[in-house]
Amino acid sequence: MKYYHGSTVKGLTELQPHLSVGAHLQEAKVYLTTSRQLAAHYIWDIQRLGIRMPMLDIRKDGTLVFQEMFSGALEYFYKGVSGYIYHCEGDYTPDPVVPTSYTSDKAVPVTGCEYIEDVYEHILQYEKQGKFIYEHYEDLPQWRIDVIRGQIIRLIKRFNLVADSSHPSRNFIMEKFPRYWEEAEVLYEHNLL
């Protein structure tokens, strides 16, 4: 079977297992997908962002839905970012949580590679083809905004971001979710977080 892996790192000949910040699996793995489109979403500038937050839902038919958690998120994460979609072949373990995704706890050889000059423009091409749905923050119903609030508060609590000023996600959360950050500070101050 053919698999893909998105990265900003050039020239890889094999993919090494690693533990991603915020990953749902808490052990070192190589993450692969059968979807080139999903691989593009994982071309992520972790140095600039300090966090991985793809905001994706994968429908049963394979259609990706990008669900903005703040206004302009797709452009913020991907505009001007370049990277690579690596191709791999083999037989790997299906991920129990993310459809079309697979993992390996051993190094995976790379069989090919393609360069993506601007990931944002690349992703928008899928929207033009009807293979991608872009849900803008401004169009979300209130219940979805409430869900986002809960996710951010849990993330702040999980990584103890109020107390840990060195955590790589802290500045991003403070900048993009200032209301939720203020709420978390109050909860923390009163031992409720």
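V186 lies in helix α7, where helices are DSSP runs of H or I with at least four residues, strands are DSSP runs of E with at least two, and both are numbered from the N terminus. With a relative accessible area of 46%, V186 is partly exposed; buried means under 20% relative accessible area, exposed means over 50%, and partly exposed lies in between (1.4 Å probe, protein chains only). The C-alpha atoms of V186 and L124 are separated by 39 Å, and the two residues are 62 residues apart along the chain.

The model is predicted: local features need pLDDT of at least 70, side-chain atom pairs count only at pLDDT 80 or more, and totals for chains, interfaces and linings use all residues. Residues are numbered from 1 along each chain as its sequence is written, and side-chain values use heavy atoms, with hydrogens and water left out.

**Helices α5 and α7**

Two packed helices are described by the angle between their axes and the distance between the axes. Helix α5 covers residues 142–158 and helix α7 covers residues 178–189; their axes come within 10 Å and cross at roughly 50 degrees. That angle makes α5 oblique to α7. Axes are lines fitted to C-alpha atoms, for helices over the stretch in contact, and angles run from 0 to 180 degrees between N-to-C directions. Angles under 35 degrees count as roughly parallel, over 145 as roughly antiparallel, 65 to 115 as roughly perpendicular, and the rest as oblique.

The crossing of α5 with α7 is right-handed, a term used if the near helix is turned clockwise from the far one by less than a right angle, whereas anticlockwise is left-handed. On the α5 side, I145, I148, R149, I152, I153 and I156 meet Y180, W181, E183 and A184 of α7, contact being heavy atoms within 4.5 Å. The residues of this contact divide into 8 nonpolar, no polar and 2 charged. Here Ala, Val, Leu, Ile, Met, Phe, Trp, Tyr, Cys and Pro count as nonpolar, Asp, Glu, Lys and Arg as charged, and the others, Gly among them, as polar.

The buried residues of α5 are R144, I145, I148, G150, I152, I153, L155 and I156. Their cover includes β5 (64–67), β11 (132–135), α6 (170–176) and α7. Helix α5 has 17 residues and reaches 24 Å from its first C-alpha to its last, close to the 24 Å expected at 1.5 Å a residue.

Most residues other than glycine have a negative phi.

| Residue | Phi | Place | Relative accessibility |

**Two buried residues**

S169 also lies in the loop between α5 and α6, and at 2% relative accessibility S169 counts as buried. Leaving aside residues up to four places away in sequence, S169 touches G50, I51 and L161. The C-alpha atoms of S169 and R52 are separated by 8.7 Å, although these residues are 117 residues apart along the chain.

A40 is placed in helix α1 (residues 36–41) and is buried, at 0% relative accessibility. Its contacts, not counting residues up to four places away in sequence, are Y78, I85, V119 and H122. A distance of 16 Å separates the C-alpha atoms of A40 and K128, which are 88 residues apart along the chain.

Technical notes:
The expected span of a helix is 1.5 Å times one less than its number of residues.
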